[in-house]
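The following note collects points on the secondary structure and packing of the model under review. Please read it alongside the coordinates.

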Amino acid sequence: MNLNFCSLSSGSSGNCYYLGNGSQGILIDAGISATSIRKFLRGLGIPMETIMGILVTHNHSDHIKGLEVLTRRNGIPAFTTAAIWKSVLTPRSRITSDCIREITAGTGFSIAGFEIEAFPVCHDAPETVGYRISHEGRNITIATDLGHICETSAPYIRSANLLVIESNYDEEMLAGGPYPYFLKSRIKSDHGHLSNHQASSFLADIINDNLRVICLAHLSINNNTPDKVLQTLHRTLSERGISLNGNQKITILNRNSPSEMIWLE
Ligand SMILES: [Zn+2]
Ligand SMILES: [Zn+2]
């Protein structure tokens, strides 16, 4: 089993995640510059020619900033639904047309031996999706921008062996912070972002021995800290009498630099 995962960047300044199978890989979102993506991959010893596709979750710039250049300069095909393409392909967009691949949420497709399915999540962009990616019996689920966990997304998240899930803001920091009222309301809404408490309490509901790696993602720079995320999660798990087994790992993804490479057995 050569399944390996690395976050290149995670948060409102840009999201990009790498998943490899030992010889080829895919990216999930390209929300930092193409230059940074190339630099980070080079640092990890991953040649650009081994990137066989980019999965796009939605049209917010922190998820598509480098997409245009990666399709134009590197010819990497990008995959997402018709509704998301419609929102991404503005008149100013110069994404190479022969790199556009249209997929349907709930219908499987494959890239480089990965079996992939997009699933709808609740977020304030046209038809935002998460992805479940399967390889040799292992599931990796990525759900980075969602205001709450709805019935359609929960099964995809529950079945993960490696889960990337948003833990965006600490409720008290957001309430006492500098954001205007409308922005606070947007973040807290069912179509905004998940709080530490929401993420922790959902994780406490679903945690099981098959969930080997939990990556807490998309932390707000102004309304959260890694310590707050971990404190909330550990407190919630202990209140529910849940302890992690020795094989389970929790990691907080860095905002502006690659995480460690995580190998999934
Ligand atoms: Zn985002
Ligand atoms: Zn978003």
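In which sense do strand β8 and strand β9 pair, and over how many bridges? Strand β8 (residues 114–120) and strand β9 (residues 129–135) pair in the antiparallel sense over six bridges. This is a predicted model, in which local features need pLDDT of at least 70 and side-chain atom pairs count only at pLDDT 80 or more, while totals for chains, interfaces and linings use all residues. Residues are numbered from 1 along each chain as its sequence is written, and chains are lettered from A and ligands numbered from 1 in the order in which they are written.

1. Strands here are DSSP runs of E with at least two residues, and helices are runs of H or I with at least four, numbered from the N terminus; two strands pair if DSSP finds at least two bridges between them. Within β9, Gly 130 is the bridge partner of Phe 119.

2. Seven strands make up an open sheet of mixed pairing, ordered β7-β8-β9-β10-β11-β12-β13. β7 (109–111) and β13 are at the edges with a single partner strand each, so one side of each is left without a neighbour in the sheet.

3. Helix α9 (residues 226–239) has 14 residues and reaches 20 Å from its first C-alpha to its last, close to the expected 20 Å (1.5 Å times one less than its number of residues). Just after α9, Gly 241 takes a positive phi of about 70°.
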